[in-house]
Amino acid sequence: MRLLMESPLIKNSRRLWLSSLMVASLFGGTLIFDMGTSWGSGDGHGYKHDPQSHLERLTKKLDLT
């Protein structure tokens, strides 16, 4: 049984599974982190897609005359 577990085919499939799991974990972690930072920043939230208030905010922020 031990000889079977040390075969190159088993080791390669185990490495493939482990690397796939690592890539999926990194991708999932990145998505969770990105969602958290975008929700936490609050940039653009609270204007309810009103173009006039958005224009006023940008005019004030950019100091346009």
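**Confidence.** I looked up confidence by element in this predicted model: helix H1 (residues 2-5) has the lowest mean pLDDT (55) among the elements of the protein chain, and H3 has the highest (86). Here pLDDT is the predictor's confidence in each residue, from 0 to 100. Over the protein chain the mean pLDDT is 76, and 63% of the residues reach 70 or more.

**Ground rules.** I noted that residues are numbered from 1 along each chain as its sequence is written, and that side-chain values use heavy atoms, with hydrogens and water left out. In this predicted model, local features need pLDDT of at least 70 and side-chain atom pairs count only at pLDDT 80 or more, while totals for chains, interfaces and linings use all residues.

**Elements.** I found 3 helices and 0 strands in the protein chain, in the order α-α-α from the N terminus. Helices (H or I, at least four residues) and strands (E, at least two) are DSSP runs, numbered from the N terminus.

**Aspartate 63.** Just after H3, aspartate 63 has a positive phi of about 55 degrees. I noted that aspartate 63 is a residue other than glycine. Most residues other than glycine have a negative phi. Aspartate 63 is exposed, with a relative accessible area of 64% (buried is under 20%, exposed over 50%, partly exposed in between; 1.4 Å probe, protein chains only).

**Surface.** The protein chain exposes about 6,300 Å², and carbon and sulfur atoms supply 68% of it; accessible areas come from the Shrake-Rupley method with a 1.4 Å probe, and for residues only the protein chains shown count as cover. Buried residues make up 5% of the 65 residues.

**Leucine 18.** I placed leucine 18 in helix H2 (residues 8-41). Leucine 18 is partly exposed, at a relative accessible area of 47%.
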